[in-house]
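I opened this entry to get my bearings in a structure I had not seen before. I wanted the overall build first, then a few single residues.

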Amino acid sequence: KTRFDDGLAFYEEEKYVKASQQFNIIVERASHTDLGDDGLFFLAESFFLNKDYDLALIEFEKLVSRMGFSPYIEKSRWRICESLMLLSPNYYHDQDSSLKAISQIQEFLDDFPNSEFSKDADKLIEELRSRLAEKNMETGKLYVKLKAYDSAIVAYNIVVNEYYDTKFFEDANIEIIRCLSLQDKNNEAKQFLSDIEMNENL
């Protein structure tokens, strides 16, 4: 209890490294007690607030898997979503972690529909979807440079079909028409444009 109070004092003073050292000892020595539950949460929080997102993710996932009825479950599940988002790379890198983050956030919203974090969760999904759309736009541009127009169209079609709610939707449609025109597929380009106009009028 004394060590926990010391850890909490460091935590409140924003001395997160010192706080995590105290909470880590509690987690190791009192894992099956109420203090152990509290200690694990504050250990994870200390890592998160110190921007050690990899370590925070490990500890929050540990808490969720071990302590299904902990009062810290909702906050821990949200922190897992935030950590995955913060660990997700820029659009030009592999986006597997972005897809994982979206999946985790959607699960969080399903399990906690009235959560105080719901609006933030929606924003995170929007940002991640935009990042994934941008990744495909850049892939399309690369294929255009290589004059691999069919491959470029595949990338742009992913944006049109899967990320239609992002700012890249209209540009992706324009690029598809451009790629068809560059291949002298003018009838297909006209048909594609006609389909867009018809969908807009529905």
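I began with the order of elements, and the protein reads α-α-α-α-α-α-α-α-α-α along its sequence. I counted 10 helices and zero strands. Here helices (H or I, at least four residues) and strands (E, at least two) are DSSP runs, numbered from the N terminus.

I noted the ground rules next. This is a predicted model, in which local features need pLDDT of at least 70 and side-chain atom pairs count only at pLDDT 80 or more, while totals for chains, interfaces and linings use all residues. Residues are numbered from 1 along each chain as its sequence is written, and side-chain values use heavy atoms, with hydrogens and water left out.

**Overall build.** I looked up the radius of gyration and found 23 Å for the protein, whereas a compact globule of 202 residues would have one near 17 Å. That radius is taken over C-alpha atoms, and the globule rule is 2.2 Å times the number of residues to the power 0.38. Along the principal axes, the C-alpha atoms fill a box of roughly 75 × 35 × 25 Å.

I then checked burial. Of the 202 residues, 43% count as buried. Buried means under 20% relative accessible area, exposed over 50%, and partly exposed in between (1.4 Å probe, protein chains only). The accessible surface is about 12000 Å², with 49% of it belonging to carbon and sulfur atoms. These areas come from the Shrake-Rupley method with a 1.4 Å probe, and for residues only the protein chains shown count as cover.

I also looked at contacts, meaning heavy atoms within 4.5 Å. Among contacts with a separation of 6 or more, 51% join residues 24 or more positions apart.

**Helix 4.** I picked residues 53-66, which form helix 4. Its 14 residues reach 20 Å from first C-alpha to last, close to the 20 Å expected at 1.5 Å a residue. The expected span is 1.5 Å times one less than the number of residues. I listed its buried residues as Tyr53, Ala56, Leu57, Glu59, Phe60 and Leu63. The buried residues of helix 4 pack against helix 3 (34-49) and helix 5 (73-87).

**Two positive phi values.** Where does Glu14 sit? I found Glu14 in the loop between helix 1 (2-12) and helix 2 (16-29). Glu14 has a positive phi of about 65° although it is not a glycine. Glu14 counts as exposed, at 59% relative accessibility. Lys51 gave me another case, with phi near 65° in a residue other than glycine. I placed Lys51 in the loop between helix 3 and helix 4. Lys51 counts as exposed at 62% relative accessibility.

**Phe112 and Ser118.** Is Phe112 buried or exposed? I found Phe112 buried, because its relative accessible area is 19%. Phe112 lies in the loop between helix 6 (96-111) and helix 7 (118-145). Leaving aside neighbours within four places in sequence, Phe112 contacts Ile73, Glu74, Arg77 and Ser118. Glu74 is 38 residues from Phe112 along the chain, yet their C-alpha atoms are separated by 7.5 Å.

Not counting residues up to four places away, Ser118 touches Leu109, Phe112 and Pro113.
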